[in-house]
Amino acid sequence: MTQKTLPMLAAMIGLATSYSYADSPLNIGFIVPNPVGEVGWDHELDRGRQMMEAHFGDQISVTAVDSVGEGPDATRMMNRMAAQGADMIFLGSFGHMNDGILLAKRNENLAVIHAGGYLTGERFATYAPRHYQASYLCGMAAGYVAEDAELGIIAAFPLPEVIGMMNAYVLGAQSVNPAINNVQVVWLNSWFDPARNRSAAEALISGGVDVLYSLFPGTPAAISAAEENGVYAVATLSDNSQFAPTKHLCAGQTHFGAIYINYVNSVMNGNFAAGDTFAGIAEDAMEVAGLSPDLTDNQRNAILAKQDEIRAGTFEPFTGPITDNSGDEVVTRGVRLTIGDIKGMNFLVQGLDTTLPN
Amino acid sequence: MDMIVFILTGAFATATPLLLAALGELVTEKSGVINLSVEGMMALAAAMGFATVYTTGSYLLAFAVAAGLAMLLSIVFAALVLIFSANQVASGLAAGILGLGLSALLGREYESFTLQAPSGLSVPNLSNIPVLGSILFEQDIVVYLTVTTGLCLMWIIQHSRAGLILRVVGEDPHIAHNLGFNVLRVRFLAILFGGFMAGLAGAYASTILTPIWSQGMILGRGWIALALVVFGTWRVLRVMIGAYLFGALLLADLAVQTLNLGIPSQVMTSMPYVMTIIVLAIVSRNALRIKLNAPVSLGQSYRPGQ
């Protein structure tokens, strides 16, 4: 509670001054749930904001606040921004969803853009990156370097988005290394717990994995643990090379800025449409980053070539045949999963050695 | 086998911050004061302990700074409950929120920074014993010091004059006063000791156990320490066993998941809490003995001469 007061006060003063000239630049409020660290969710949201500001320059005026997670503080903050004449508000937490929908309903000239939700509404849009595309490419990297074909995954919650990323990762690994099987998985059942994240990494390392995939851990603790134990690490959201200078294998780097720029353009042109953006490599919202120098030139080129294929639309990771881990063919040959299928994914591909709750 | 060694070895480090904080709180509660600000003290200590190692590289200095700051916060709490006779629960919560807020403010610059993990000690010769050697003799120095502190406290509380005074104050401050002891001074020192230990716990969590600072990283471990004191029925040995068991179960959750025995991960994740409660409930099933160990005046304010 207390930690949020300072930035909030600062933002309110900022809003009071910046919103008094309502007609010139587009006023944008930007709320991020946690402190902006070096890597990860909040860092990437904030980097997206910077990209947006650099792109539009004087055309927009952005008031950014961090450390405002879901709850009454967030409600107050977004209402304040709306009352002071914001034209657009970006909400960075899943938990901002319901308040955001109400906010959009009440303010007729306001566009609300929410990260990673499942609801849309009047003037209320949601967006998510196609993380799984980068997961597939990083899976290829993992398949190349896994000498004993032992992969380990640390994952936050068994949600469709996370399951999709695990599946794509394993499919990518198997595409270059058919020996990949029995991929070990540890569920943290938490979005943020550095100590547990580190312990999970150590558990997998003591189980003999060659590559650790840290899937939405909210902290670089597992990546550091991999570096200390000489095991390759694959990261989500941001390039984590700084935490594993010698053992960083690959990361799915998100670029939220590309998504934001489109939204701001649509509001400026008066054709903002509330809806669902699912942007990936083709939209420049996603790419592989921090590829390890241990990969051979051929391997690196194969990964980048696959990335180009995804960009061009000639390849999609979730194209049949795909077999689930009970041996049933869930996607028939040549069939591509739809966005709905991907967003609601509830099966594990063959080779993933874990149990989903019913 | 590897997994069992992993669990039994790692449990010491996992349990150490819980145990340090719980031992401090146990002494505070033995004097009749319940301090609910453990979480906040740990967070503040974790932030500044991390910052100290990050800027100076000195672990000794970091633990000193962390313990010092947590003690300062405990002095704020002590002033409220001892001088102004404020409600202990409310004062503890307030001091805890203050600590959490300060940790976020002071740790802002260091958000999600990491440190190189210090390497553990390896006791010569003994660490070569198969299995047991790596479990018992390759821990970091704080683990050994924590266990030693626990054993010392066990003796001090049960058998020394200081321990007797502490217990008398916690049982009945009026009698202690009539016996000529300065109740407020004893309670103040007990609160200060609680702060000192919570400080060490926080510094250990952010610089050795998980060498990273991130706002909110203590994640309820201060509250678990408080719960351990109660479930351990204010007995040092039980609190020590409870903390180790909890640490082992936390790791068992993760280790068992890697084997995929078909148990839903949510069940495994709740296991440490469920099992610790069950085991400690069985150990402490004798209600009379709990009453014997629980400080009678716990939570009650005391004013000399009333």
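Me: In what sense do strand S6 and strand S8 of chain A pair, and over how many bridges?
Reply: This is a predicted model, so take the pairing as computed from it. S6 covers residues 151-155 and S8 covers residues 211-215, both in chain A. Within that pairing, Gly152(A) has Leu212(A) as its bridge partner in S8(A). The two strands run in the parallel sense, over 5 bridges.

Me: Which strands sit at the edges of the open sheet of chain A?
Reply: Start with the order, which is S12-S10-S9-S8-S6-S7-S15, 7 strands with mixed pairing. An edge strand here pairs on one side only. That gives strand S12 (286-289) and strand S15 (352-353).

Me: What angle does helix H5 of chain A make with S10(A)?
Reply: H5 spans residues 131-145 and packs on the sheet. The strands touched by H5 are S6, S8, S9, S10 and S12 of chain A. Against the direction of S10(A), the direction of H5 makes about 175°.

Me: Is H8(A) largely enclosed or exposed?
Reply: Buried means 20 or more other C-beta atoms within 10 Å of a residue's own. The buried residues of H8(A) include Ile223(A) and Glu227(A), and they pack against S6, H7, S8 and S9 of chain A plus strands S1 and S2 of chain B. Since 7 of the 8 residues are buried, H8(A) is largely enclosed.

Me: Which element gives the largest share of the side of chain A that touches chain B?
Reply: In total, 37 residues of chain A contact 36 residues of chain B. Elements giving two or more residues are H1, S7, H7 and H8 of chain A. The largest share, 9 residues, comes from H7(A).

Note on methods. Residues are numbered from 1 along each chain as its sequence is written. Chains are lettered from A and ligands numbered from 1 in the order in which they are written. This is a predicted model: local features need pLDDT of at least 70, side-chain atom pairs count only at pLDDT 80 or more; totals for chains, interfaces and linings use all residues. Two strands pair if DSSP finds at least two bridges between them. Helices (H or I, at least four residues) and strands (E, at least two) are DSSP runs, numbered from the N terminus. Two residues are in contact if their C-beta atoms, placed from the backbone, lie within 7 Å. Axes are lines fitted to C-alpha atoms, for helices over the stretch in contact, and angles run from 0 to 180 degrees between N-to-C directions. A residue is buried if 20 or more other C-beta atoms lie within 10 Å of its own, exposed if 12 or fewer, and partly exposed in between; C-beta atoms are placed from the backbone.
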